[in-house]
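Open the model in your viewer and get ready to select a few residues in turn. Each stop below says what to pick and what to look for.

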Amino acid sequence: MIFPEYPGTVLKLGSTGNDVLIMQDCIDTIIEKYPFYNNIAGDGIFGNETKMAVESFQALVGLEKDGVIGNKTWNSVLSLANFFSNS
């Protein structure tokens with residue numbers, strides 16, 4: 001599976017668009033294999049549900065738990081989603 005590089009823009013509460021949808025889908029892929037949170041809606045809207053899932057993911061992998069998707073969180077999510085989608 002090929003994933004896009006970090007878009008250079010922090011994704012946070014209120015963000016919308018394809019990059020948010022990519023993260024939501026990747027987080028759901030991880031949740032299916034490693035249930036650290038409930039599945040989230042893949043709607044391209046970074047709402048409270050997505051923020052809480054991001055915070056849970058960040059805590060799980062030892063990143064700063066800030067609920068935003070910057071470069072480190074983006075790459076960690078993609079790396080783990082890629083691993084699980086290929087296993």
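Start by selecting Q58 and everything around it. Setting aside sequence neighbours within four places, Q58 is in contact with L63, E64, K65, D66, G67, V68 and T73. Keep in mind throughout that this is a predicted model. Q58 itself sits in helix α2. Is Q58 buried or exposed? Its relative accessibility is 0%, so Q58 counts as buried, the cut-off being under 20%. Now show side chains: that of Q58 makes a polar contact with the side chain of T73, at 3.0 Å.

Move on to T73, the partner in that contact. T73 belongs to helix α3 and is buried too, with a relative accessible area of 6%. Beyond its neighbours within four places in sequence, T73 is in contact with V54, F57, Q58, L63 and V68. Then draw a distance from T73 to Y6: their C-alpha atoms are separated by 9.5 Å, although the two residues are 67 apart along the chain.

Next, colour the whole of α3. This helix has 15 residues, which at 1.5 Å a residue should span 21 Å; its end C-alpha atoms are 21 Å apart, in agreement. Select its buried residues, T73, W74, V77, L78, A81 and F84. Look down the helix axis and you will find them within an arc of only 135°, which puts them on the same side of α3. Which exposed residues does the face turned away from the buried side of α3 carry? They are K72, S79 and F83.

Now for the rings. Searching the whole structure gives three aromatic pairs. For one of them, select Y6 and W74: the ring centres are 6.1 Å apart and the planes are at 70°, so this pair is edge-to-face. Y6 lies in the segment before α1 and W74 in helix α3, so the pair ties together parts that are 68 residues apart in sequence. Compare how the two partners are placed: Y6 is partly exposed, with a relative accessible area of 21%, whereas W74 is buried, at 0%.

Another aromatic pair is F36 with F57, and this one is tilted, with 6.0 Å from centre to centre and 55° between the planes. It links distant parts of the chain, F36 being in the loop between α1 and α2 and F57 in helix α2, 21 residues apart. Both of these phenylalanines are buried.

Sequence neighbours within four places aside, I27 is in contact with F36, I40, A53, V54 and V77.

Notes: Residues numbered from 1 in each chain as written. Predicted model: local features only at pLDDT ≥ 70, side-chain atom pairs only at ≥ 80, totals over all residues. Heavy atoms only, no water. Contact = heavy atoms within 4.5 Å. Phe/Tyr/Trp six-rings, centres within 6.5 Å; stacked < 30°, edge-to-face > 60°. Helix = DSSP H or I, 4+ residues; strand = E, 2+ residues; numbered from the N terminus. Buried < 20%, exposed > 50% of the residue type's maximum accessible area, 1.4 Å probe, protein only. Expected span 1.5 Å × (residues − 1). Arc of directions from axis to C-beta. Polar contact = N/O pair within 3.5 Å; in protein donor to acceptor, adjacent residues only side chain to side chain.
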